[in-house]
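Student: I have a structure open and want to learn how to read it. Can we start with charged pairs?

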Amino acid sequence: MKPLLRPIYYFIPKPPWRRRYSHTQPDPSPTVNDLLTLLEKSDGHNQLISLIQQHHANPQLAFRVFIWATQRSKLCTRTCHSAIVDMLVKDDKRFDIYWSTMQELRDCGVGIGCGAFSVLIRGYERLGNAEKAVEAFVKMEEFDCKPDVYTYNAVLYVMVRKEVFLLALAVYNQMLKCNLSPTRSTYSILINGFCKTRKTQDALQMFDEMAQRGIAPDTVTYTIIVSGLCQAKRAHEAHRLVDKMRETGCVPNIVTYHALLDGYCKLGRLDEAYALVRLFQRIGYVLGVEGYSSLIFGLFRARRFDEALGLYGKLLGEGIEPDVILCTILIKGLSDAGRVKDALNFLGEMSKKGLVPDAYCYNAVIKGFCDLGLLDEARSLHLEISKQDCFPNACTYTILICGMCRNGLVGEAEQIFNEMEKLGCVPCVVTFNALIDGLCKASKLKDAHMLFYKMEIGRKPSLFLRLSQGSDRIIDSASLQKKVEQLCDSGLILQAYKLLIQLASSGVAPDIITYNTLIDGFCKSGNMDGAFKLFKDMQLKGITPDSVTYGTLIDGLQRAEREEDAFLVFNQMVKNGCTPSAEVYKSLMTWSSRNRKVTLSLSLWLKYLRSLPNRDEVTIEAIEKNFKEGQIEKAIQGLLEMDVQFKNLDLGPYTILLIGLCQVQRVDEALRMFSVLQEYKVNITPPSCVHLIDGLCREGNLDLAINIFHYTLERGFMLMPEICNKLLKCLLRSRDKKGHAFDLVHRMRNFGYDLDACLHQTTKFLLQ
């Protein structure tokens, strides 16, 4: 049996002349026992670091000493690990030297500790070579080395960074099966992974599990959760967590505070954001460039452009230098405000400040041009930045495709898409969705479906076909997760990693927006069978239908005069746990009103209100009773008071009900509803006014019809020619209202109506 401790000269390379005679001339170098005596002193780890640093030019010797020391935990501190990682990343060849050194030591019977692999994983990760990092983890078995929790943490970190979270979870489960207890770092890494994949609830469950195991979260863990909650639009919960964090004695840092501030700003809750700034400043938080950037972004999003620019001026006045991110926010904000020329000038000024504009800056200006319909200018800027190596990116092409589709130039959008692929710029899911939407709206449903299929099979059709066939085929996220877990259980972690990376690089999978867009296209073309086929397909692929999916199908069925089926889909939606949105209820209300079921229309809206928190059932029942009994004023007043109380006034239901009353010739009730809305200073919509005028004209109540038309002029509404001509003809053909017709024409001209284009020949003849 080979001795466990060999003389140190055994591991030091010998010159050729010494190798020949070393068996007869013992080397006077110290033995490993002597070295161990030296290193096991109280400052042994410092001696090891010193030894590694002394042999920086001779990495093999440093590697040998370090690998030998990995079996001795007292010696291998974090500083030692970092020193070896620094040596590794200086030159790719050093990794080969490290591997060969490990193999040599293993062949000599020297045990290899987990730390020897941890530095490899960290080194590969630092160079961005995640596959090699995973391979290093897998190769531990060849060296008879079982991973410890720190090695697991290192590889989990790599997997989460590379966004192969399914594999990270499978490896975590392997770690638990090995009876290794997760550390705070393990939880922080996995919680970060859950937050990145928008699985906030899973992240919170893991956070709770961490506490149950008696592991107190640190500032990093708390900050990850706060950021995840804010990304999930749950800023209020994030705020409560920061309060809890302080109560437990864990001090939030500037990153924590900024994550919370940013969350409020992105939700448009600026009053709370400013209150937060005042609170944080009292406890020593200084509003730096990141804080200002969040506030300015929030102000621009709320269309408070002057305030945003004023805050930028304040930042400059405080001597804070803007960075590229803030400049991008300003350029985007100016573009959104329609001030594209100012945005373009600001883009030019960035270089004077020593800042290099990135793709986001240029894309913001290109989007501004597209939003204003200035497509030639957008294309011109696109061509200009095409001369630079890093531009344009997938986002640039997506913006142009959206702009072209919005302006009805679908053919040009397809050309841009093809040009993008030829240049090797990979379309993202948003790019596909934009073009599919444009094709659907242009009634090119067949082309949209072909693009969907192309998107699905990706750039590697053979991979798609291989995975979708056989008994263990992969058709959704659940079957993919099962496959990854099976590979990990079989020790094929590297194969699982390669599979996930192949899938990620093979193309982009259709998402809920893709399916909803196509389903909408099929519904509007009257192809309900095609729509339901897609509906079934998306569920087989593991994509859960949302409120938009169900709402689109319900609307499509109503268009096809399949009212009963529409309500069946609605009931199935509720049964499946998908909460119908206000838009779904309004769609059902609209069609019920068109089918002369106005009372049902109101009942549907009241059902929606019942689903909201803190709504009083007694009040809702009173509204329904008053409406059924014809006490329209009381019913509408009850609805308005409830909306005012909860600051949730939506004009949609009122418009649908008013129009519905007109359609069933209950014009008197519609007029009373109009009066109540006026009393509460609610702006009545132009469609409501059109239906009221039409109903009053039918009943011969022309004075009230004129009053409604005057209301539209006061509110700045310009009505369609059809209703204008109808009212004028009724006035001109009446015995005593002709004078009102001429007065109305005069008012229309002053308002800005193009009378020559607006008035029909018959109306012009009657006006003579």
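Tutor: Side chains of opposite charge can pair when their charged atoms come close. In this predicted model, D555 and R559 form a salt bridge. Their closest N and O atoms are 2.9 Å apart.

Student: Why are D555 and R559 separated by about one helical turn?

Tutor: Start with the general idea. An α-helix has 3.6 residues a turn, so residues three or four places apart point the same way. Now the case here. D555 and R559 are about one helical turn apart because they sit four residues apart in helix α32, residues 547–559. R559 is partly exposed, with a relative accessible area of 48%.

Student: Which other pair lies four residues apart in a helix, in α40?

Tutor: R698 and D694, about one turn of the helix apart. They form a salt bridge, with the closest N and O atoms 2.6 Å apart. R698 is partly exposed, at 46% relative accessibility. Salt bridges can also share partners: K132, E135 and K139 are joined into one network that way.

Student: What does E624 pair with?

Tutor: R610 is its salt-bridge partner. The closest N and O atoms are 3.6 Å apart. This pair links distant parts of the chain. E624 is in helix α36, residues 617–628, and R610 is in helix α35, residues 598–611. The two are 14 residues apart.

Student: Is E624 buried or exposed?

Tutor: E624 is buried, at 15% relative accessible area. R610 is partly exposed, at 34%.

Student: How many salt bridges does the structure hold?

Tutor: It holds 36.

Student: Let's step back. How many helices and strands does the chain have?

Tutor: There are 45 helices and zero strands. The chain has 768 residues, and 48% of them count as buried. To read the fold, look at how far apart in sequence the contacting residues are. Among contacts with a separation of 6 or more, residues 24 or more positions apart account for 62%. The chain exposes about 38,900 Å², and carbon and sulfur atoms supply 52% of that.

Student: How do I judge the length of α38?

Tutor: Compare its reach with the expected span. Helix α38 covers residues 651–663 and reaches 18 Å from its first C-alpha to its last. That is close to the 18 Å expected at 1.5 Å a residue.

Student: What caps the N-terminal end of α38?

Tutor: D650 does. One of its side-chain oxygens lies 2.9 Å from the backbone nitrogen of G652.

Student: Loops next. Where is Y680 found?

Tutor: In the loop between α39 and α40. Y680 is partly exposed, at 28% relative accessibility. Set aside its neighbours within four places in sequence, and Y680 is in contact with Q637, L640 and E641. The C-alpha atoms of Y680 and V644 are 9.8 Å apart, though the two residues are 36 apart along the chain.

Student: Which residues of α42 are buried?

Tutor: I723, C724, N725, L727, L728, K729, L731 and L732. Their cover includes α40, α41, α43, α44 and α45. Helix α42 runs over residues 721–733.

Student: Is C758 buried or exposed?

Tutor: C758 is buried, at 7% relative accessibility. C230 is buried as well, at 10%.

Methods. Residues are numbered from 1 along each chain as its sequence is written. This is a predicted model: local features need pLDDT of at least 70, side-chain atom pairs count only at pLDDT 80 or more; totals for chains, interfaces and linings use all residues. Side-chain values use heavy atoms; hydrogens and water are left out. The expected span of a helix is 1.5 Å times one less than its number of residues. Buried means under 20% relative accessible area, exposed over 50%, partly exposed in between (1.4 Å probe, protein chains only). Contact means heavy atoms within 4.5 Å. A salt bridge is a side-chain nitrogen of Lys or Arg within 4 Å of a carboxyl oxygen of Asp or Glu. Accessible areas come from the Shrake-Rupley method with a 1.4 Å probe; for residues, only the protein chains shown count as cover. A polar contact is a pair of N or O atoms within 3.5 Å; within protein, one must be able to donate a hydrogen and the other to accept it, and residues adjacent in sequence count only if both atoms are side-chain atoms.
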